[in-house]
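Hi,

Here is the structure I promised to pass on. Have a look at it first, and my notes follow below.

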Amino acid sequence: MAKRWWYRLVVVLLMLWVLSEVGEGQMSRARPQRPKKKKNPEDEEIPVPQEINIDINQMLGKWYLLNMASKCSHLLTHGHNAEATTVTLDLTTFGKEQKLSVKTTTRHNHQCWEIHQHYDFTSNSGFFTLKGNNPKNDIKVTILDTDYISYAILVYEVQMSKVRKTTMKLFARSVERLHEPTLLKFETTAATRNFGLAYMFPFPTYSYCDTVDEEHIINCIPTC
């Protein structure tokens with residue numbers, strides 16, 4: 001029973017942090033000379049620069065999650081219950097490879113939890129891979145924009161079946177010095193991916209977790 005409860009909690013936390021399920025559409029009968037189906041904007045990748053010059057050392061340290069743009073069905077239903085969340089980045093060596101260590105701290109049912117993950121570096125600066133339990137579930141992570149000292153915009157993309165799911169997140173170094181232009185920049189960037197205000201989910205900027213006991217750490221290394 002305890003293991004089943006633990007598994008359900010892992011699923012809930014990871015759904016908040018990454019993506020949610022994909023609804024299956026009904027298959028239609030093939031027809032002769034059927035017009036070509038228009039591409040769903042959600043199936044297209046977010047346009048990103050060919051090169052993003054990211055100094056990963058300047059990205060290290062704690063970031064506060066301020067806002068998320070997503071069409072995740074779980075967030076559409078429960079986004080108003082979002083809890084204060086922080087992410088701490090560090091460099092680590094796993095085996096013989098250098099990885100980006102990611103620790104996500106949040107609350108669930110008034111209890112502080114911490115999720116440990118590793119992002120794999122790629123040949124392109126600013127692009128990472130969060131490995132799933134099989135290659136088809138790998139998540140592409142992009143540091144889309146940052147000034148290192150105040151804000152960072154990250155994009156998470158995963159191909160699920162024939163649908164590409166995308167989430168954008170706005171992080172800040174401090175919640176005490178928020179600037180309206182930063183929030184506007186995020187909303188404008190999200191709008192290029194058809195994320196209107198209805199798909200924006202602000203996160204609380206209070207009641208953060210300071211410490212997490214060992215029993216409430218979820219180790220997702222190498223995968224969950």
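A quick definition before the notes: pLDDT is the predictor's confidence in each residue, on a scale from 0 to 100. You'll need it, since this is a predicted model. Helix α1 (residues 2–17) has the lowest mean pLDDT of the elements, at 48, while helix α2 (residues 56–59) has the highest, at 98. The pLDDT is also below 50 over residues 16–37, a stretch that still has 32 contacts in the model beyond near neighbours in sequence. For the protein chain overall, the mean is 82, and 77% of residues reach 70 or more.

On the fold: the protein chain has four helices and ten strands, and 43% of its 224 residues are buried. Of the contacts with a separation of 6 or more, 61% are between residues 24 or more positions apart.

Now the part I liked. Lys-99 pairs with Glu-97 at 3.4 Å between the closest N and O atoms, and with Asp-120 at 2.5 Å. Asp-120 sits in strand β4 (residues 111–121) and Lys-99 in strand β3 (residues 97–108), so their bridge ties together parts 21 residues apart in sequence.

Asp-120 also meets Lys-131 in a salt bridge, at 3.3 Å from N to O. Lys-131 is in the loop between β5 (127–130) and β6 (139–146).

Buried or exposed, where do these side chains fall? Both Asp-120 and Lys-99 are buried, with relative accessibilities of 11% for Asp-120 and 8% for Lys-99. Lys-131, at 47%, counts as partly exposed.

Cheers

Note on methods: Residues numbered from 1 in each chain as written. Predicted model: local features only at pLDDT ≥ 70, side-chain atom pairs only at ≥ 80, totals over all residues. Heavy atoms only, no water. Helix = DSSP H or I, 4+ residues; strand = E, 2+ residues; numbered from the N terminus. Buried < 20%, exposed > 50% of the residue type's maximum accessible area, 1.4 Å probe, protein only. Contact = heavy atoms within 4.5 Å. Salt bridge = Lys/Arg side-chain N within 4 Å of Asp/Glu carboxyl O.
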